[in-house]
Amino acid sequence: MLERAVHGASRWVLDRVDPQWVDYVASNTMTDINRRLNRFIWTYELQAQVVRVIDEAPGVKTFELRPNQLWRGMQPGQHIEVLLPVDGERAAPLRRHYSATMLPRGRLSITVKRLIGGQGSSWMHEHLRPGVLLRLGAAQGSFVHRGQAKVLHLCAGSGITPAHSMIESQLSGPEDQRSDQQLIAQFSRTEDIIFKAVLPRWQQAGVKVDTVFGGQAGARLTAEKLQALCPDVLERDVYLCGPEGFMDTMMSHLASLGVDLARVHTERFTAPSALVNPTGAFSAEGTEVVFKHLGQRITLTAADQDKTLLQAARDHGLDLEAGCCQGMCGTCKLTVHEGEVSGNTLGRAVYMCTAYPASRTVVLGA
Ligand SMILES: Cc1cc2nc3c(=O)[nH]c(=O)nc-3n(C[C@H](O)[C@H](O)[C@H](O)COP(=O)(O)OP(=O)(O)OC[C@H]3O[C@@H](n4cnc5c(N)ncnc54)[C@H](O)[C@@H]3O)c2cc1C
Ligand code: FES
């Protein structure tokens, strides 16, 4: 009871007072009593309180969160790590990533699809109620809008979440600075549409929105259908996110329509099921890997055989950003400009933590 009142008061303060001031006050009054009284504000951990839970679609919930003063913000389209105490507060938490949307007053939301047998998503659906505290990691990822004039968000299922973040952010900004955004979202059935309530608002604001239903015979997105829904696809940067099969199919549709794959930006929610392991097939020794965006190049040695591009680059002294190191979060993702790469690639995107060189010269860039 007391804890709920204290947390409610903290939320009220954080909604109104500059978090930097709260941070200043909290860090200068970090006493044992304060820490025991209010573990949401007097803490060194980034945490959020669940404020609201919204049922979006069958098995899909949105959790609106009020982060504490340690939240440093995010770019629309990025994702955050949530640390879930599925085995109790004393055990190591389960770590999962979710694309987040910024809301007014420094709040944010995540939308989670419950997977059958999924440990983290099931726990969240069962345990997250208003008032519950959740530990978070900082925002990360490069699946963000970079000011391109024309954008197509192409997604399926819960892959709509980063599009939601980018579109909402655009619509909350000045009208004359908005880019031309289009959304094509595939769901299994009409009742599975996520963010159904906001789609009409987006349309009224000038976003072209189309939903297609993969569960209906003959209704899937073919290359012809994609072209018909988005006749100017060649002029757009494409943001692609969804299940592995959907992404692979869309990649080949986009390639068949002549889209420059360097303009296709991708986000994976799961590690790819099959990674080509090049062991023995290609000798890495002597391979030159150029990191165009850093103005750096490395020459691989025999000791780099079987190392991922990320590991090899780091062993040669390059300080490259990475997150999950499992080929999912996209933090290490670069674009291949020249040469060949095997392992975890999608179009021209290379997930360096799970990809390997496959030609004598490989030129990578942002
Ligand atoms: C960058 C990024 C952003 C993401 N954003 C979102 C988002 O916005 N929304 C969202 O919903 N998800 C998102 N995800 C996915 C999310 O991080 C989790 O992977 C997802 O919620 C599943 O986690 P889980 O713990 O429930 O499933 P896990 O327990 O990890 O299980 C994963 C899969 O394995 C299956 N499985 C689990 N246990 C068993 C078993 N014993 N036998 C057989 N099969 C089993 C499950 O059915 C499930 O299909 C994102 C992921 C990344 C990397
Ligand atoms: S995809 Fe996460 S670090 Fe490579």
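Ligand shell. I sorted the residues around ligand 1 by class and found seven nonpolar, 14 polar and three charged residues, where Ala, Val, Leu, Ile, Met, Phe, Trp, Tyr, Cys and Pro count as nonpolar, Asp, Glu, Lys and Arg as charged, and the others, Gly among them, as polar. I noted that this is a predicted model, in which local features need pLDDT of at least 70 and side-chain atom pairs count only at pLDDT 80 or more, while totals for chains, interfaces and linings use all residues. Residues are numbered from 1 along each chain as its sequence is written, and chains are lettered from A and ligands numbered from 1 in the order in which they are written.

The shell holds 24 residues, with Gly117, Gly118, Gly120, Ser121 and Thr161 the closest to ligand 1; a residue counts as near if its C-beta atom, placed from the backbone, lies within 6 Å of the molecule. I then looked up which elements give two or more residues to this shell, and they are β4 (94–102), β5 (108–113) and α4 (119–127). Helices (H or I, at least four residues) and strands (E, at least two) are DSSP runs, numbered from the N terminus.

Domains. I found the protein divided into domain 1 (2–136), domain 2 (150–267) and domain 3 (288–365), with bounds that come from an automatic or database domain assignment. The C-alpha centres of domain 1 and domain 2 are 29 Å apart, and their contact takes twelve residues from domain 1 and 14 residues from domain 2, a contact being two residues whose C-beta atoms, placed from the backbone, lie within 7 Å. On the side of domain 1 that touches domain 2, β1 (47–57), β4 and β5 each supply at least two residues, and β4 gives the largest share, four residues.

Sheet. I traced an open sheet of six strands in the order β13-β12-β17-β14-β16-β15, with mixed pairing; two strands pair if DSSP finds at least two bridges between them. Its edge strands, each pairing on one side only, are β13 (296–299) and β15 (341–346). Inside the sheet I followed β12 (residues 288–291) and β17 (residues 361–365), which pair in the parallel sense over four bridges, and there valine 289 has valine 362 of β17 as its bridge partner.

Whole protein. I counted nine helices and 17 strands, and the C-alpha atoms fill a box of roughly 65 × 50 × 45 Å along the principal axes.
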